[in-house]
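Here are some notes for a colleague who is opening this structure for the first time. Please read them with the model on screen.

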Amino acid sequence: MKEYVYAPFADELRRLDATGSLRVLPEGAQEGKWITDSGHRMLNLSSNDYLGLAGDTALRDEFLNQTPPEAMRFSASSSRLLTGNFAEHRRLEQLLASLYGAEAAIVFSSGYHMNAGILPALADRRTLILADKLVHASLIDGLRLSAAKCLRFRHQDYDQLRALMERHHAAFDRTIIVTESVFSMDGDVARLQELVDMKHHFPGTLLYVDEAHAVGVRGRRGLGLAEEQACLDGVDILCGTFGKALASVGAFTVCRRVVRDYLVNRMRPLIFTTALPPVNMAWTRFVVERLTEFADRRERLAALSARLREAFARRGQAMPSESHIVPLVVGESSDAVRTAVRMQRLGFYVLPIRPPTVPEGTSRLRFSLTAALDAADVDRLTANLFTP
């Protein structure tokens with residue numbers, strides 16, 4: 001094949017490199033709160049292992065010692081609609097439905113599959129979707145793939161959301177409001193009860209909440225922000241992931257039984273994807289069953305997060321965060337890259353977040369805190385971060 005076919009790809013990579021936006025796959029060995037890259041040991045501040053469970057060998061050994069051989073299957077070998085629907089999938093879904101007080105639950109292979117697949121399945125041309133401007137890329141792809149009329153409201157601007165509802169709601173058979181609970185880039189949190197109240201004010205409206213960064217971390221039992229804000233029963237489609245605080249893989253939705261059954265019949269990423277292996281489902285159930293036991297980790301993470309946010313505020317840094325995700329907005333991509341490299345040299349593994357993940361001019365360092373850290377780690381970070 002002629003090399004000129006590849007020239008546009010090479011040109012775009014050079015452009016990304018010149019603007020500080022080129023992405024490469026990092027390499028590093030992880031051990032607890034540490035990550036080692038090219039022989040350099042750093043404090044890991046870019047992990048989604050919020051409760052510090054992924055490296056907990058005692059927890060792992062307990063699971064291995066009590067799990068029966070029939071659950072230790074490392075491949076489902078098929079989609080769930082063929083031969084890939086094992087007892088471990090059903091047990092996990094029953095547990096989730098019970099914990100959330102929901103009619104049903106359904107497990108997916110990934111959070112991306114979940115968010116990119118649910119909205120196209122549920123929404124037709126007679127559906128209006130109103131989504132927060134800062135929802136995750138997987139939800140944006142779900143919006144794009146759907147046949148619905150899709151509008152984005154300004155981030156957390158519920159007055160604008162209400163105005164859009166009043167203007168458009170009556171023209172559609174159903175409306176779906178879409179939001180994250182803990183937002184992944186700014187670390188701020190949604191006011192879910194306001195959205196529940198708005199949903200009830202406009203008949204035929206469903207509320208879709210992505211709790212990816214809140215499951216395990218927020219709420220008395222670790223069920224997420226909807227539990228913390230006492231409005232679990234007001235969320236129609238509550239989504240979460242296992243690959244962050246719960247130290248596993250995959251994602252889930254709790255919902256009405258009719259929604260679950262409809263997704264089984266209409267959701268393409270579920271129908272045409274090989275199911276997660278039973279061993280992963282068994283491990284996830286093992287962790288979920290112990291969520292209430294991790295209250296001390298949730299409390300420690302909340303205290304560390306508050307400590308970092310307060311340190312930023314004392315230095316005049318604007319602080320949207322209300323969670324364990326704490327951003328430091330730098331501005332240009334090249335500046336974010338340079339700052340991240342400096343911090344890595346000082347022993348802090350933090351990565352730059354750049355467009356298109358965030359808007360132009362808002363490139364940042366995003367500190368993802370975990371319960372494996374301690375107060376001395378946070379103090380050392382802030383001392384180095386703000387030293388010229």
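1. S368 touches L45, S46, S47, N48, Y50 and H324, where contact means heavy atoms within 4.5 Å and residues up to four places away in sequence are not counted. S368 lies in strand β14, residues 363–368, strands being DSSP runs of E of at least two residues and helices runs of H or I of at least four, numbered from the N terminus. With a relative accessibility of 1%, S368 counts as buried, a word that stands for under 20% relative accessible area with a 1.4 Å probe and protein chains only.

2. This is a predicted model, in which local features need pLDDT of at least 70 and side-chain atom pairs count only at pLDDT 80 or more, while totals for chains, interfaces and linings use all residues. Residues are numbered from 1 along each chain as its sequence is written, and side-chain values use heavy atoms, leaving out hydrogens and water.

3. Helix α14, residues 375–385, has D377, V378, L381, T382 and L385 buried. These residues lie on the same side of α14, because they cover an arc of only 125° around the axis, taken from the directions from the helix axis to the C-beta atoms. Among the elements covering them are β3, α12, β11, α13, β12 and β14.

4. How many disulfides are there? The count is zero, a disulfide being a pair of cysteine sulfur atoms within 2.5 Å. The sulfur of C231 is 14 Å from the closest cysteine sulfur, in C239, and therefore too far for a bond; for C255 the closest is also in C239, at 8.4 Å, again too far.

Conventions
Buried < 20%, exposed > 50% of the residue type's maximum accessible area, 1.4 Å probe, protein only.
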